[in-house]
Amino acid sequence: MSDGLFEKGAITGIGETAYTRGSGKSDTALPMEAALKAIADAGLSPKDIDGVVPYASGSTVAEDFITNLGLPDLRYSATTPLGGASCVAGIQAAVSAVATGLANHVLIPIGRNGYSGSRIGNRVQQMPQFRTIGEYEMPLGTLAPAQLYSHMARRHMELYGTKSEHFAKIAMNGRKHAAMNDNALRQAPMSLDDHQSSRMIADPLRLFDCCLESDGGAAVIVSASERAKDMASKPAYIMGVAEGHPDSPSAITQRPDITTLGTAKAAPRAFGMAGITHSDIDVAEIYDCFTYIVLCQLEDLGFCKKGEGGDFVSSTSFGFDGDLPLNTHGGLLSQAHIVGMNHVVELVKQLRGDAGAAQVKDARIGLVTGYGDMGDGTVAIMRS
Amino acid sequence: MEIERLYPLPNPDSQPYWDGLRDRRLMLQQCADCGTIRHYPRPVCDQCYSMEVDWTEASRRGTVHSWSVSHHAFHPSFKADLPTTFVTVDLEENVRLVGILRDPEVTLSIGMPVQVGFEDAADGAFSIPVLFAA
């Protein structure tokens, strides 16, 4: 396995806005606010930023960052159009750029009014990656991710005996951690009964299996590792990073195995690059657009075998003080949907020891995933 | 405000599929060089990379691969149809199709045989596949 980008780059700055449902700010202001915070956290000036990887499905482009932040010489820009897998794919692009000297400090910003602005049912129809299902499935009335993904969840349940109660445990874990986080939208406790009595959206997915729609922004700075050690904040070194795409990615229903995600291709590359095994992972921030997608990624990441996700979820404690601390910020399910950049920020906080009440004791190595566009998977492994 | 339904936008790759549904025939692309049948319609055969296409009429027989029951309409024009059962079907031709189940009494299971039928949508603007227990 190639060392590839092993420890060539580090996350040197993080920033988050308040996560709300009604920001009162523009879709451009949110990523800018997060970007300024991340730049300040890194101890940099906007003038030091020479690379930008904006969110491909967002409303800001690289030029907006030049204009607003007065970037004097943007030398590297790219987008990583993988939906919810974009942020971690952006890390891969950014590390590639700093490793080769194309750029020194790459900003990866995201932000949107995902609740008060354009909501998911409208957004997906406008994305080119949804063109295939847009023509063949949406005219029937199956158009939102909850509807499309539920076919994956149903087959997994039928083949492997996976239960809604397994999904509930993942939802309840996110809520427990959100209640410990001041910047989380959902604070009220969730019981198994609460989950099981939440209304059905797309059977087998209930309301509490679905992530929030939210307003907010988050950003990180990726710098070359040799620069990182002298910077203002404690760096999180990127040991391994990879992306993977499922076969027939443009429509779930046409995929040979609808219970396997692109994550299954990315994970061996990321773990191989990092040179570690699953037992080395102290904390995992796993993209949780839907509870089932977490369970499926636990399998595809290799924490358990395909089909054993239900048993693994039942027998593993996911609390910040548990066997495999999972989504210690509350995740997309209970903190906010910031397209998984909130997962990246949380992992860096954990590795710095700055994660507050849900700090995992002695967190040294952690994993963050992205998942999007019906099957693309990204994985990054970092160390303090 | 008038609620517009989501319409398909046929292109040269897909027009025969939509025309077929309107004519009550399930038409699938077949590679003119290697004979592989593919769905959804697209310009290149991923087995031999040929861009030459024939169309073949499918048997309309298949089995249940998975399903989902929508209780929430993500577009207002589908609200009246709720709850709606969408079924992913393995067709005999070794490709998959999604259709709406029009057999409300049936209890679905993986591998259950189903038959494809047709239904006009959006006041006859286009037609969609629907499914019945076989």
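The model is predicted: local features need pLDDT of at least 70, side-chain atom pairs count only at pLDDT 80 or more, and totals for chains, interfaces and linings use all residues. Residues are numbered from 1 along each chain as its sequence is written, chains are lettered from A and ligands numbered from 1 in the order in which they are written, and side-chain values use heavy atoms, with hydrogens and water left out.

**The interface**

- In chain A, 32 residues are in contact with 36 residues of chain B. Contact means heavy atoms within 4.5 Å.
- The size of an interface is often given as the accessible area lost when the parts come together.
- Here the area buried between chain A and chain B is about 2900 Å². Carbon and sulfur atoms give 59% of that area. Buried area is the accessible area (1.4 Å probe) that two parts lose on being put together, summed over both.
- The rule does find 18 residue pairs in polar contact, both residues at pLDDT 80 or more. A polar contact is a pair of N or O atoms within 3.5 Å; within protein, one must be able to donate a hydrogen and the other to accept it, and residues adjacent in sequence count only if both atoms are side-chain atoms.

**Strands across the chains**

- Strand E5(A) and strand E4 (residues 61-70) of chain B run antiparallel, joined by two bridges. Strands are DSSP runs of E, at least two residues, numbered from the N terminus. Two strands pair if DSSP finds at least two bridges between them.
- Ala202(A) has Ser70(B), in E4(B), as its bridge partner.

**A sheet in chain B**

- Three strands of chain B form an open antiparallel sheet in the order E2-E1-E3.
- Strand E2 (37-38) and strand E3 (53-57) of chain B each have a single partner strand, so one side of each is left without a neighbour in the sheet.
- Two bridges link E1 (residues 27-31) of chain B with E2(B). Gln29(B) has Arg38(B) as its bridge partner there.

**Strand E1 of chain A**

- In E1 (residues 9-16) of chain A, eight of eight residues are buried. Buried means under 20% relative accessible area (1.4 Å probe, protein chains only).
- Seven bridges join E1(A) to the antiparallel strand E7 (residues 215-224) of chain A. Glu16(A) stands opposite Ala218(A) in E7(A).
- Two bridges join E1(A) to the antiparallel strand E8 (residues 236-244) of chain A. Ala10(A) stands opposite Tyr237(A) in E8(A).

Notes:
Helix = DSSP H or I, 4+ residues; strand = E, 2+ residues; numbered from the N terminus. Buried < 20%, exposed > 50% of the residue type's maximum accessible area, 1.4 Å probe, protein only.
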